[in-house]
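Subject: Structure handover

Hello,

Here is the structure we talked about. Please load it first, then read the notes below.

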Protein chains: 2
Amino acid sequence: MTNLLPIREAQERILAVINARGSEPCKVELAIHRVLAEDIISPLALPPFNNSSMDGYAIRSDEVSNASPSTPVTLPVSLDIPAGFAQQGVLAKETAARILTGAPVPDGADAVIPIEATDQFKNPQTAPMQGSVGFFKPAKAGDNIRLAGEDVQLGQVVLEKGRHLLPQDIGLLISLGIREVQVTQKARVALFSSGDELLLPGQPMSPGMIYDANTYVLSGLLEDAGAEVIHLGIALDNPESVKNTLDQVLQNPPDLIVGSAGVSVGAFDYVREVIEANGSLSFWRVNMRPGKPVAFGNYKSIPFVGLPGNPVSAYIGARVFVLPIIRKLHGLPPFTQHVIQAVLDEPLHSPDGRESYFRGVIRKEEGVYHARLTGHQGSGNLFSLVQANALLIVPAGVNHVGAGETISAWSLDPELT
Amino acid sequence: MTNLLPIREAQERILAVINARGSEPCKVELAIHRVLAEDIISPLALPPFNNSSMDGYAIRSDEVSNASPSTPVTLPVSLDIPAGFAQQGVLAKETAARILTGAPVPDGADAVIPIEATDQFKNPQTAPMQGSVGFFKPAKAGDNIRLAGEDVQLGQVVLEKGRHLLPQDIGLLISLGIREVQVTQKARVALFSSGDELLLPGQPMSPGMIYDANTYVLSGLLEDAGAEVIHLGIALDNPESVKNTLDQVLQNPPDLIVGSAGVSVGAFDYVREVIEANGSLSFWRVNMRPGKPVAFGNYKSIPFVGLPGNPVSAYIGARVFVLPIIRKLHGLPPFTQHVIQAVLDEPLHSPDGRESYFRGVIRKEEGVYHARLTGHQGSGNLFSLVQANALLIVPAGVNHVGAGETISAWSLDPELT
């Protein structure tokens with residue numbers, strides 16, 4: 001095979017024409033798994049005020065320095081500070097303030113002694129406050145006090161542009177009183193399949209026809225990556241149908257059009273004809289298996305990726321070429337697959353040295369990953385992809401990897417550990 | 001510390017009273033990331049018919065056995081079989097059928113010769129069919145034919161009950177013409193926070209108050225696990241408010257109620273009082289850090305988990321105790337976190353030997369994971385969780401793990417590779 005384009009070069013050529021989307025405001029509660037389009041600077045300190053980390057009594061540490069179980073120090077209780085208490089006040093000298101976890105430490109106090117180290121331990125915090133409290137042990141200045149700003153300081157950058165927001169990030173933003181953040185707009189991807197042999201779900205099966213699986217495999221991958229999918233349906237093997245299918249996007253142009261060619265390379269010629277008449281298209285033969293033929297271009301200035309029609313080739317092509325586009329549209333750094341190193345149970349052969357993605361099953365034994373192939377590796381055989389939990393990768397230029405050798409694998413299973 | 005319950009025992013006690021939810025029908029297109037509640041038996045063979053894996057010509061292999069570039073075998077073209085062709089017909093002897101990838105192989109033919117190995121290679125498949133074709137090489141019986149049923153056989157179990165459905169599974173179900181599957185109902189979880197000091201997003205900040213982060217941290221974790229979250233809001237530190245908050249669930253009882261205690265253990269007493277009067281509640285001291293105090297019981301027969309109020313404790317408590325409940329409700333097997341083995345940059349100390357979860361950052365260097373701590377490990381400090389990409393785990397009974405030693409870690413970052 002001559003003139004096969006290396007995968008990395010094909011990826012780079014595609015990404016060279018893709019720009020990150022613009023930003024839009026998003027309510028913080030709805031921003032989970034969105035990508036920040038701004039640095040977040042804290043408008044508050046966290047905690048906002050010195051507060052107690054225990055239920056107990058705020059005191060001046062020098063007033064209880066001699067406390068012990070046999071010689072408790074007893075102080076009158078002059079304040080009761082529940083959580084949410086607004087008026088801090090000053091702790092009168094030689095008194096204690098009953099205080100709950102999270103409540104503001106009064107000025108003057110420099111430590112909190114937990115209720116377990118007092119004679120009030122049996123007295124629930126919700127019971128009426130007693131007139132005095134006996135302390136069984138001393139405290140150092142600062143004990144059981146969380147200082148204002150110890151977690152986050154006013155003006156600090158807490159989350160950076162490009163951050164993929166996780167549940168804990170949403171919690172932090174809420175803690176800071178932030179209501180709305182700028183996030184990258186969701187990538188909008190229009191999907192179609194082409195081929196006279198394709199049936200939509202719900203149409204009756206008939207001889208020579210197959211149900212179109214690619215639309216659903218690809219839309220699942222794209223939606224998992226945070227993209228919004230526009231379904232264009234099935235283009236038949238004639239130029240009018242292809243053009244009508246594609247022209248659905250013109251009302252609200254997406255960031256990307258992704259097609260898969262039914263199962264027919266021949267059918268793809270109609271897509272080529274229509275796209276070349278309305279944009280441009282390059283067919284590449286990429287140095288990979290499966291998924292060698294990849295088309296890239298634009299339709300009326302909208303980027304277009306044409307994937308092979310075989311479902312497994314389309315799936316792998318989408319992982320290799322389309323998901324990196326989604327990341328770039330979302331303003332995320334280049335893709336890192338979850339790569340596992342696994343020891344082969346059986347040899348892998350890649351006779352022509354293309355970078356090859358085999359469907360495999362990985363399992364962990366005594367801390368080491370082992371890999372075997374799933375069944376029939378034909379690229380039309382979706383079931384062997386369903387049975388796989390990983391893609392086993394033979395690098396370009398390698399013809400053979402023996403049993404017992406270690407290879408890299410992409411995990412396909414979010415639960416693979 | 002005496003009488004600390006081992007984590008595994010607390011988990012087992014909780015899971016002992018949780019049952020998988022019932023099933024419901026779901027359209028296949030909407031079933032992604034749902035859990036199958038039935039075995040799927042294939043109603044079709046895949047491929048449904050013998051078909052060509054190449055664009056080319058279907059022939060009888062014994063009729064072209066002498067073909068070579070210098071002595072091509074020429075046959076008249078008697079059939080043209082595009083994709084989606086319904087009438088297979090029989091290939092007349094000593095003729096060839098033009099055939100596209102995926103199109104049904106006619107009876108009589110036993111191999112397909114790709115167009116590249118014929119004198120029609122320059123002739124696009126979409127051009128008018130020529131009267132005859134010259135073959136430059138022979139074929140073996142079966143070449144370039146995908147046999148009916150080679151991927152999936154009629155009646156075969158293709159997906160098993162308990163399967164978490166991925167994009168490729170949806171594609172397979174669509175391929176099989178299946179329109180609807182039984183899936184486990186989504187877990188319904190009611191969430192509340194408690195504490196007089198808590199503010200809702202949008203309320204003005206005032207002295208002594210903090211915004212309630214836990215609701216959003218927990219709802220993010222739960223929704224990522226596929227649960228439906230019902231927000232009960234904030235219960236104030238009085239029995240009426242707690243009861244009113246909880247009674248919101250009675251119209252449509254959820255599978256689980258999860259509370260977090262504002263930041264006050266004292267405040268929790270009101271929750272205890274209300275739940276004990278309307279169900280039962282056990283307080284456990286679990287052998288873990290952070291998150292030692294965990295409450296478990298039921299409110300009017302609905303299972304209840306009470307998490308600590310500190311956001312980091314609540315987060316870790318939810319991962320350890322609540323997410324396994326969601327998995328069981330969904331009919332999934334016990335939880336496996338994504339565990340990474342990492343070499344410590346710095347020592348970890350767990351003076352009282354509790355199973356400890358430290359917030360850390362993991363990085364890969366030359367194929368080996370290394371771990372360091374994020375900043376301040378106080379359990380109120382959400383920012384150090386935000387900065388972490390992993391929880392570094394010191395097992396129960398271990399007081400010290402030295403720099404250079406290997407520990408287990410849970411990945412918190414879906415992109416950690």
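At what angle do α3(A) and helix α6 (residues 311–329) of chain A pack, and how far apart are their axes? The angle is about 30°, and the axes are 10 Å apart. Angles under 35 degrees count as roughly parallel, so α3(A) is roughly parallel to α6(A). Their crossing is right-handed. Bear in mind that this is a predicted model.

Who makes that contact? From α3(A) come A:Asn214, A:Val217, A:Leu218, A:Leu221 and A:Leu222. From α6(A) come A:Pro311, A:Ala314, A:Tyr315, A:Ala318, A:Arg319, A:Val322, A:Leu323 and A:Ile326. By class, the residues of this contact split into 11 nonpolar, 1 polar and 1 charged.

**Across the chains**

Helix α3 (residues 214–224) of chain A also meets helix α2 (residues 167–175) of chain B. Their axes come within 7 Å and cross at roughly 155°. Over 145 degrees counts as roughly antiparallel, so α3(A) is roughly antiparallel to α2(B). This crossing, too, is right-handed.

On the α3(A) side, the contact uses A:Tyr216, A:Val217, A:Gly220, A:Leu221 and A:Asp224. On the α2(B) side, it uses B:Pro167, B:Gln168, B:Ile170, B:Gly171 and B:Ile174.

**One residue to look at**

B:Gln168 sits in helix α2 of chain B. Is B:Gln168 buried or exposed? Its relative accessible area is 1%. Buried means under 20%, so B:Gln168 is buried. Leaving out residues up to four places away in sequence, B:Gln168 touches A:Val217, A:Tyr315, A:Leu382, A:Leu385, A:Val386 and A:Leu412. Two of those names have come up already: A:Val217 belongs to α3(A), and A:Tyr315 belongs to α6(A).

**Helix α1 of chain B**

Which residues of helix α1 (residues 7–15) of chain B are buried? They are B:Ile7, B:Ala10, B:Gln11 and B:Ile14. These residues cover an arc of only 100° around the axis, so they lie on the same side of α1(B). Their cover includes several elements of chain B. Among the strands are β17 (279–285), β18 (288–289), β19 (293–299) and β23 (355–365). Helix α6 (311–329) of chain B is also part of the cover.

Best wishes

Notes: Residues numbered from 1 in each chain as written. Chains lettered and ligands numbered in written order. Predicted model: local features only at pLDDT ≥ 70, side-chain atom pairs only at ≥ 80, totals over all residues. Heavy atoms only, no water. Axes fitted to C-alpha atoms, helices over the stretch in contact; angles between N-to-C directions. Helix = DSSP H or I, 4+ residues; strand = E, 2+ residues; numbered from the N terminus. Parallel < 35°, antiparallel > 145°, perpendicular 65-115°, else oblique. Left-handed = near helix turned anticlockwise from the far one by under 90°. Contact = heavy atoms within 4.5 Å. Buried < 20%, exposed > 50% of the residue type's maximum accessible area, 1.4 Å probe, protein only. Arc of directions from axis to C-beta. Nonpolar A, V, L, I, M, F, W, Y, C, P; charged D, E, K, R; others polar.
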